[in-house]
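The report below goes through one model, from its sheets and cores to individual residues and the backbone geometry. Please keep the sequence and the coordinates open while reading.

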Amino acid sequence: MTSKPLDERILITGGAGYIGSVAAHILTSRGIEITVIDDCSTGHPDAVPSAARFIQASLDDREAIRTALIDCTAVIHFAGKSLVAESVTHPDLYRQSNVEGSRNLLEEMYLAGISRLVFSSSASTYGEPEMLPISESAPTRPANPYGETKLAVEGMITHEGNSRGMAAISLRYFNVAGAFAVVGGWIGERHNPETHLIPNVLQSSTENPVEIFGNDWPTPDGTCIRDYVHVVDLVEAHILALAKLMPSTHKIFNLGSGRGYSVREILQTASEVMGREIPHVEAGVRQGDPAVLVADISRAKSELTWAPTRNLKHMIEDSARAMGLL
């Protein structure tokens with residue numbers, strides 16, 4: 001699915017990170033002017049497209065945000081810390097980076113007269129689901145500080161809509177995978193440490209096999225089921241969201257595949273793509289892990305006219321190419 005070109009300049013916060021840099025490349029490839037702000041604490045300057053105006057700074061720096069917003073008409077806000085385990089051990093860091101950084105951004109947007117925002121939120125705002133698939137009306141009970149910060153930012157955005165007329169959409173997504181081909185290579189995941197399953201499966205070796213946390217879950221093959229969406233499909237939803245913003249309105253949409261993939265299904269698909277068995281070991285169940293997490297994406301389909309077009313095999317193939325394994 002493609003969307004119409006946008007006649008504006010977009011500020012992408014976190015545009016040197018995985019999803020943000022893919023968004024930056026896709027937008028610039030369509031002739032859309034962008035500015036990127038990223039402190040590169042986890043992002044990579046070489047992932048920012050050369051056509052972008054790039055400001056290397058944190059959202060703690062109000063003056064840098066002010067500069068980044070010059071000539072911009074809308075913001076796609078990806079910047080923030082995103083490791084669940086790290087958020088548990090360093091909750092204050094996550095509140096400062098995710099909540100206070102977003103507060104600075106919202107205030108500078110207001111002062112600059114920019115009222116259009118698409119926010120990169122997370123399914124972690126739901127916590128343990130009561131019903132599946134998870135809809136946007138499900139209770140929000142985050143199980144970790146990371147999810148709490150995302151929910152807090154959503155609340156701030158709602159307040160901006162009610163009090164200052166902001167037009168906003170928050171996109172709660174599940175697991176993201178895949179990569180985007182650019183001239184000279186691929187833009188994909190480069191996390192350190194890498195905590196995501198698909199890159200860890202692809203990097204698995206007999207010396208360092210990937211761990212499978214539980215094999216007797218109440219699922220068809222005994223392994224956990226999670227929802228995955230290709231990064232390019234995900235970015236397409238952000239672009240479509242820009243065109244659906246309405247003043248004084250904050251809407252929330254789930255993004256995912258709308259179906260689940262089990263850990264064993266990921267192993268089997270990766271084996272087919274790589275032409276070899278994926279070394280793995282059975283490990284104990286992690287406390288707090290739900291058996292199944294799957295998104296209800298019907299609202300995004302109907303209101304954003306968005307639907308994912310790339311399946312698990314596409315995600316694994318593109319991830320492997322970005323990692324230089326294919």
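Predicted model: local features only at pLDDT ≥ 70, side-chain atom pairs only at ≥ 80, totals over all residues.

Asp71 is found in the loop between helix H2 (62-68) and E4, and its phi is near 70°, a positive value in a residue other than glycine.

Strand E4 covers residues 74-77.

## Arg9 in strand E1

Which strand holds Arg9? Arg9 lies in strand E1, and it counts as buried because its relative accessible area is 14%, under the cut-off of 20%. A polar atom of the Arg9 side chain lies 2.8 Å from the backbone oxygen of Ile34.

Leaving aside neighbours within four places in sequence, the contacts of Arg9 include Glu33, Ile34 and Thr35, as well as Arg53 and a run from Ile70 through Asp71, Cys72 and Thr73 to Ala74.

E6 and E13 pair in the parallel sense over 7 bridges. Strand E13 is largely enclosed by the rest of the structure, because 5 of its 7 residues are buried.

Ser170 belongs to strand E6 (residues 167-173) and is buried, with a relative accessible area of 0%. Its bridge partner in E13 is Ile252, while its side chain makes a polar contact of 2.7 Å with the side chain of His250. Not counting residues up to four places away in sequence, Ser170 touches His250, Lys251, Ile252 and Phe253, and also Phe119, Ser121, Glu154 and Ile157.

## Nonpolar cores

The largest nonpolar core has 51 residues, and those with the most contacts inside it are Ile12, Ile19, Leu171 and Trp306. Among the elements that give two or more residues to this core are strands E1, E2, E4, E6 and E13, together with helices H1 and H7. Helix H7 provides the largest share, 9 residues. A second, separate core of 25 residues includes Ala177, Val210, Ile316 and Ala320.

An open sheet of 3 strands has the order E14-E11-E16, with mixed pairing. Strands E14 (261-262) and E16 (292-293) stand at its edges with a single partner strand each, so one side of each is left without a neighbour in the sheet. Strand E11 (residues 225-226) is joined to E16 by 2 bridges and the two run parallel, with Ile225 opposite Val292.

Ile297 is placed in the loop between E16 and helix H9 (298-303), and at 4% relative accessibility it counts as buried. Beyond its neighbours within four places in sequence, Ile297 is in contact with residues that include Asn254, Leu255, Trp306 and Pro308. The C-alpha atoms of Ile297 and Ile134 are separated by 8.6 Å, although these residues are 163 residues apart along the chain.

## Backbone geometry and rings

Two cis peptide bonds deserve a check in the coordinates. One joins Leu132 and Pro133, with omega about -10°, and Pro133 is found in the loop between E5 and helix H5 (145-164). The other runs from Asn192 to Pro193, with omega near 5°, and Pro193 has its place in the loop between strand E9 (185-187) and helix H6 (197-202).

Cys40, in the loop between E2 and strand E3 (53-55), has a positive phi near 60° although it is not glycine, and it is buried at a relative accessible area of 16%. As for rings, the structure holds 0 aromatic pairs, but the charged end of Arg164 sits over the ring of Tyr110, 3.7 Å from its centre.

How values were computed: Residues numbered from 1 in each chain as written. Heavy atoms only, no water. Pairing = 2+ DSSP bridges. Helix = DSSP H or I, 4+ residues; strand = E, 2+ residues; numbered from the N terminus. Phe/Tyr/Trp six-rings, centres within 6.5 Å; stacked < 30°, edge-to-face > 60°. Lys NZ or Arg CZ within 6 Å of the ring centre and 35° of its normal. Buried < 20%, exposed > 50% of the residue type's maximum accessible area, 1.4 Å probe, protein only. Polar contact = N/O pair within 3.5 Å; in protein donor to acceptor, adjacent residues only side chain to side chain. Contact = heavy atoms within 4.5 Å. Core = buried A, V, L, I, M, F, W, Y, C linked by side-chain atoms within 4.5 Å.
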